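Welcome, and thanks for taking a look at this one with us. Please open the structure below and follow along as we go through a ligand site and a helix pair.

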Amino acid sequence: MSRDLRGELRGLIPEDKIGLVTRSFDIIGSKKKAVAVIEVPEELRDFEGAIARAVMKVNKNVTSVLVKESCRTGEYRTRELKLVEGDPNTEVLHREAGCVYRLDPRTVYFSPRESSERERLSSAVRDGEDVLVMFSGVGPIPISIAKRRRNVHVMAVEVNPYAHNYCVENIHLNRVADSIEVLRGDVREVCPGLGRFYDRIMMPLPRGAHRFLDVAMPLLKDVGVLHLYHWAPDKDLFSEAEELIAKAVEAEGKNAEFVGRVKVSQYSPRTWKIRVDARISTT
Ligand SMILES: C[S@@+](CC[C@H](N)C(=O)[O-])C[C@H]1O[C@@H](n2cnc3c(N)ncnc32)[C@H](O)[C@@H]1O
């Protein structure tokens, strides 16, 4: 977040455009080295250098400024980011809730805004559970579970090789290698061969995790909990996700009891990222 970015830009960009300068943006990294990821509207593109320098001036730990050039796209959920100012090496060490994550926002998905959701999710896990985290990215969910709980076994599956490699490194940085196993690959291809059953399966891919419900269902123990993320319209936040789960449960001959509904964050003016928690049992 900016201390007073607009104030810093007074006199450097036309006064009538000051109001278009973003008030909030992500800073990923540490007190020593961080990357700012900012949005610059079309009308301010000629001033992006000045904006980036102002960002660095008001946030002394920011060593690189990246401007968003696209939405998140593709399987890896990354976006095009242009370096506008600072160090071309954009790999950082991000600290969050007693954990540390090395990552480069140019090659992997990571959102510092989701830290409280990660806290909520990992605190649902009980000591001794077997947990499968599909779409695990650089490892923030598996690592926060392993840090918080005893005798857990967490399996993390991720397709992006950069994210997978950071996850392996982050597991060691956080000293949780005894509790987490990692597998690189497409959930659909690698999960059916895992050869074990889980108390809990997490599916943190709002864009399409439901397409993998048929992979998750058979991997749950006789009684297990599923956490599904989904994008939903603000008018009816939970019906679609619950219907998708109900269909997958029926196809597997199981029962679902909906035990949690969370409005996680706003994705666009009318769309929210939500989480539905379901207790799934065999009939
Ligand atoms: C929304 S990100 C979440 C990452 C991580 N859980 C976090 O909270 O930072 C979704 C992740 O799923 C991965 N992914 C997408 N499709 C996948 C698939 N079929 N199999 C495995 N991973 C996949 C992407 O590469 C991305 O890292």
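## Around the ligand

How many residues surround the ligand, and which are the closest? In this predicted model, the ligand is surrounded by 18 residues. Glu75, Phe135, Glu158, Asp186 and Val187 are the closest of them.

Let's go on to the atoms themselves. Valine 187 places a backbone N or O atom 2.9 Å from a nitrogen atom of the ligand. For aspartate 186, the side chain takes part: one of its N or O atoms is 3.1 Å from a ligand nitrogen atom. Valine 159 also has a backbone N or O atom facing this way, 3.2 Å from a nitrogen atom of the ligand.

## Where H3 meets H4

Now turn to helix H3, residues 115-123, and helix H4, residues 140-148. Their axes come within 9 Å and cross at roughly 50 degrees. An angle from 65 to 115 degrees would count as roughly perpendicular and one under 35 as roughly parallel, so H3 and H4 are oblique to each other. The crossing of H3 past H4 is right-handed.

On the H3 side, the contact is made by Arg118, Glu119, Leu121, Ser122 and Ser123. H4 contributes Pro140, Ile141, Ser144, Ile145 and Arg148. Sorted by class, the contact between H3 and H4 holds four nonpolar, three polar and three charged residues.

Conventions: Residues are numbered from 1 along each chain as its sequence is written. This is a predicted model: local features need pLDDT of at least 70, side-chain atom pairs count only at pLDDT 80 or more; totals for chains, interfaces and linings use all residues. Side-chain values use heavy atoms; hydrogens and water are left out. Axes are lines fitted to C-alpha atoms, for helices over the stretch in contact, and angles run from 0 to 180 degrees between N-to-C directions. Helices (H or I, at least four residues) and strands (E, at least two) are DSSP runs, numbered from the N terminus. Angles under 35 degrees count as roughly parallel, over 145 as roughly antiparallel, 65 to 115 as roughly perpendicular and the rest as oblique. A crossing is left-handed if the near helix is turned anticlockwise from the far one by less than a right angle, and right-handed if clockwise. Contact means heavy atoms within 4.5 Å. Ala, Val, Leu, Ile, Met, Phe, Trp, Tyr, Cys and Pro count as nonpolar, Asp, Glu, Lys and Arg as charged, and the others, Gly among them, as polar. A residue is near a molecule or strand if one of its heavy atoms lies within 4 Å of it. A polar contact is a pair of N or O atoms within 3.5 Å; within protein, one must be able to donate a hydrogen and the other to accept it, and residues adjacent in sequence count only if both atoms are side-chain atoms.
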